[in-house]
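The following note is a set of comments for a student who is meeting this structure for the first time. Please read each point with the model open.

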Amino acid sequence: MKPVVESHVMNDLKRIADEGILIEDVSSMPVYNEPYTTPNYVFCINHSGQMDAEYDSNRVVFKPHDVSVVYPNHIICAHSSSPDYHATVIVMSAEKFATVSNHVAHIDRFEYDQNPACTLSEEQYRDMMIIVEALRTMSRLETPMRMDILQAFLLSLMEMLHVFRYGTSDRHLHIQHNSLSRRFHDAVIEHCHEHHDVAFYAEYFNLTPKYFSSLIRSETGHSASHWISIYIVSQAKMLMRTQTNATLQQIGNMLGFTEQSNFSRYFKRETGLAPEVWRKQQFARKR
């Protein structure tokens, strides 16, 4: 049976849809122990306690002074939080985030796709909270310039976190290739249920496979095939957990595998486990 979504969660979703941004203090995450694909950009600062969660089906623990960044179309699932858990969450709709991120040459998407959390020092945490509280205050202003002001503060947060994580604000080296990797990511989301090969995406961008792969690797540190498999496997894991009545053949079909054997080989090659074994393990944990 599907979990009942509480009214305040529905109200929050409506606010994000209407205003494009939501800033909230939370003591738990309303995910109901089920994985779901987030449609929004999420920027979360943990103040105290810890959250035990999954990110693209990988277990993660968010600790005090961790800043986690989750881009749209990733699978998240919160399992439990400590009694003293407290965090501030900033959520932007994908449309609003696209407007903001267009002003940033390099937004570290692929770094956060691999590891969504960054731990701040005490001083970095205090500095970031100054911007967060200013952002919260500005979000309450009734002015025609409200969204322009919010975007400026959000850009400041993104830039500040980049400096804290990498020790530099130098972005110009990434300008030329960044637009390709971002478009590649969007293309994978749109087409991975039919196409699993790098050649398709290279042709999609009118590039040779070799040159396309070199561009993706130079910017993200990993091959194009790596990012394709990451997305397909995370989708497969979510389907096997949420589509409990679907057979492995049906799940494979949803992901563009015409034969179950092809799906099984692909999943085992990428994870080390046959899909039926992985699925049984998940069901056993729920009991």
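1. A definition is needed at the outset: helices are DSSP runs of at least four residues, numbered from the N terminus. The model under review is predicted. Its protein chain comes to 12 helices and nine strands. Of the 287 residues in the chain, 48% are buried. Among contacts with a separation of 6 or more, 72% are between residues 24 or more positions apart.

2. The cavities deserve attention next. Which helix gives the most to the lining of the largest cavity? Helix H6 does, with four residues. Helix H3 (109–114), helix H6 (175–191) and helix H9 (224–242) each supply at least two residues of this lining. The lining residues include Asp-56, His-74, Phe-110, Asp-113, Trp-227 and Tyr-231.

3. Helix H4 covers residues 122–139. At 1.5 Å a residue, its 18 residues should span 26 Å, and the end C-alpha atoms are 26 Å apart, which agrees. The buried residues of H4 are Tyr-125, Met-128, Met-129, Ile-131, Val-132, Leu-135, Arg-136 and Ser-139. Seen down the axis of H4, these buried residues fall within an arc of 165 degrees, so they line one face of the helix. As background, an α-helix has 3.6 residues a turn, so residues three or four places apart point the same way. The face of H4 turned away from the buried side carries the exposed residues Glu-123 and Ile-130.

4. Against which elements do the buried residues of H4 pack? They pack against strand E1 (21–26), strand E3 (40–48), strand E6 (66–70), strand E8 (86–93) and helix H5 (146–166). One of the buried residues of H4, Tyr-125, is also touched by His-65. His-65 is found in the loop between strand E5 (58–62) and E6. Is His-65 buried or exposed? At 14% relative accessibility, His-65 counts as buried, because the cut-off for buried is under 20%. Among the other residues that His-65 touches are Asn-46, His-47, Cys-118 and Glu-122.

5. Helix H8 (residues 209–220) may be read in the same manner. Its 12 residues should span 16 Å at 1.5 Å a residue, and its end C-alpha atoms are 16 Å apart, which agrees. The buried residues of H8 are Phe-212, Leu-215, Ile-216, Glu-219 and Thr-220. They cover an arc of only 105 degrees around the axis, which puts them on the same side of H8. Just after H8, Gly-221 takes a positive phi of about 85 degrees.

6. The aromatic side chains form the last topic. The count comes to 11 aromatic pairs. Tyr-204 and Phe-205 form an edge-to-face pair, with 5.0 Å centre to centre and 80 degrees between the planes. Within this pair, Tyr-204 is partly exposed, with a relative accessible area of 40%, whereas Phe-205 is buried, with a relative accessible area of 13%. Phe-257 and Phe-263 form a tilted pair, 5.6 Å centre to centre with 50 degrees between the planes, and both residues are buried.

7. Phe-184, Phe-200, Tyr-201, Tyr-204, Phe-205 and Phe-212 form one aromatic cluster.

Definitions and conventions
Residues are numbered from 1 along each chain as its sequence is written. This is a predicted model: local features need pLDDT of at least 70, side-chain atom pairs count only at pLDDT 80 or more; totals for chains, interfaces and linings use all residues. Side-chain values use heavy atoms; hydrogens and water are left out. The expected span of a helix is 1.5 Å times one less than its number of residues. Buried means under 20% relative accessible area, exposed over 50%, partly exposed in between (1.4 Å probe, protein chains only). The arc is that of the directions from the helix axis to the C-beta atoms. Contact means heavy atoms within 4.5 Å. Rings of Phe, Tyr and Trp (its six-membered ring) pair if their centres lie within 6.5 Å; planes under 30 degrees apart count as stacked, over 60 as edge-to-face and the rest as tilted. On a 1 Å grid over the protein atoms alone, a cavity is a set of points where a 1.4 Å probe fits but cannot get out, and a pocket is an open set with protein on both sides within 12 Å along at least five of seven lines; lining residues have an atom within 4 Å of a point.
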